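Please look at the sequence and the structure first.

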Amino acid sequence: MTGSDTAATERIARRYFEAWTSRDSETTASLLDEGFRFASGAIEIEGRDAFLSAAAFPADATTTLLDEAYQGETGFQLYESRSGDRSVVIA
């Protein structure tokens, strides 16, 4: 593992976060493989397009990155999304 691996992971993860939360679907899709698989608890979504359809934020949501950490090819982001009087914190 090199510092450049970590820097590349951070750059890609931040680019994805910015594209996703600004609703730039073209950039978001370009950063995920067609075979992307999402799994969290009992939720499993197969495929990039299925994930992008299911995981979209409400149109009025605002999302703030609270914390992040990267090492090699592994990244962690903690963010809060708010829509009206509702909010969720996601890692």
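In what order do the elements of the protein run from the N terminus on? They follow the pattern α-α-β-β-α-β-β-β.

## Basis of the model

This is a predicted model, in which local features need pLDDT of at least 70, side-chain atom pairs count only at pLDDT 80 or more, and totals for chains, interfaces and linings use all residues. Residues are numbered from 1 along each chain as its sequence is written, and side-chain values use heavy atoms, with hydrogens and water left out.

## Elements and overall extent

The protein has three helices and five strands. Helices (H or I, at least four residues) and strands (E, at least two) are DSSP runs, numbered from the N terminus. The C-alpha trace spans about 40 × 30 × 30 Å along its principal axes.

Of the 91 residues in the protein, 30% are buried (under 20% relative accessible area, with a 1.4 Å probe and protein chains only).

## The sheet

Three strands form an open sheet in the order β3-β4-β5, with antiparallel pairing; two strands pair if DSSP finds at least two bridges between them. Because β3 (62–71) and β5 (86–90) stand at the edges with a single partner strand each, one side of each is left without a neighbour in the sheet.

β3 pairs with β4 (residues 74–83) in the antiparallel sense over nine bridges. F76 in β4 is the bridge partner of A69.

Notes
Buried means under 20% relative accessible area, exposed over 50%, partly exposed in between (1.4 Å probe, protein chains only).
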